[in-house]
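Me: Please go through the model below in questions and answers, with the cut-offs stated for each term.

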Amino acid sequence: MISNLIPGIGFFLAGASPENINLIIHSIGTIGFPVGAIAALLSYRMIRSPLRYLALVLGALSMGSTFIIFVGWRVVCGTCGYTVGLSQTGLGLGGWESMIIYPLIIWLIGYGNYLMTASE
């Protein structure tokens, strides 16, 4: 129950206070990113429908994106020859943040629907 509550609070805090306005509250809200990915991965054991595989994929995608944005791997640009953070290439920081949030929101909608309609 707590692992499903923390991501929702974190998403609200991160969304309600933009990073350029209040960095402290936005940073506190980011605790919901890895906790949400872990909750999606752990829900695999509880779900008894094909949604379990989607939960596993969405949780892994969110966890991988969380790792990329927080660790910020360094890669060497092949054409330009300088080192740049992986989180700054391709999608950019906002794109990687979306790659964390959108899979978790899709999972939350599906998981909530599963919990409301499950008859065990």
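Me: In which helix is the place of I25?
Reply: This is a predicted model, in which local features need pLDDT of at least 70 and side-chain atom pairs count only at pLDDT 80 or more, while totals for chains, interfaces and linings use all residues. Residues are numbered from 1 along each chain as its sequence is written, and side-chain values use heavy atoms, with hydrogens and water left out. Helices (H or I, at least four residues) and strands (E, at least two) are DSSP runs numbered from the N terminus. By these runs, I25 belongs to residues 23-29, helix α2.

Me: Is I25 buried, partly exposed or exposed?
Reply: Buried means under 20% relative accessible area and exposed over 50%, with partly exposed in between (1.4 Å probe, protein chains only). The relative accessible area of I25 is 34%, so this residue counts as partly exposed.

Me: Which residues does I25 touch, not counting those up to four places away in sequence?
Reply: Contact means heavy atoms within 4.5 Å. The C-alpha atoms of I25 and L13 are separated by 6.4 Å, and the two residues are 12 residues apart along the chain. With residues up to four places away in sequence not counted, I25 touches L13 and S17.

Me: How many degrees lie between the planes of Y44 and Y53?
Reply: Rings of Phe, Tyr and Trp (its six-membered ring) pair if their centres lie within 6.5 Å; planes under 30 degrees apart count as stacked, over 60 as edge-to-face and the rest as tilted. This rule gives 3 aromatic pairs. One of them is the edge-to-face pair of Y44 and Y53, with 6.1 Å centre to centre and a plane angle of 65 degrees.

Me: What is the distance of R52 from the ring centre of Y53?
Reply: A charge sits over a ring if NZ of Lys or CZ of Arg is within 6 Å of the ring centre and within 35 degrees of the ring normal. R52 lies over the face of Y44, at 4.4 Å from the ring centre. R52 also lies over the face of Y53, where the distance from the ring centre is 5.9 Å.

Me: Which helix holds both W107 and Y111?
Reply: Both W107 and Y111 are buried. They are 4 residues apart, about one turn of the helix, and the element that holds both spans residues 92-117: helix α5.

Me: In what order do the elements of the protein chain run from the N terminus on?
Reply: The protein chain has 5 helices and 2 strands. From the N terminus on, their order is α-α-α-α-β-β-α.
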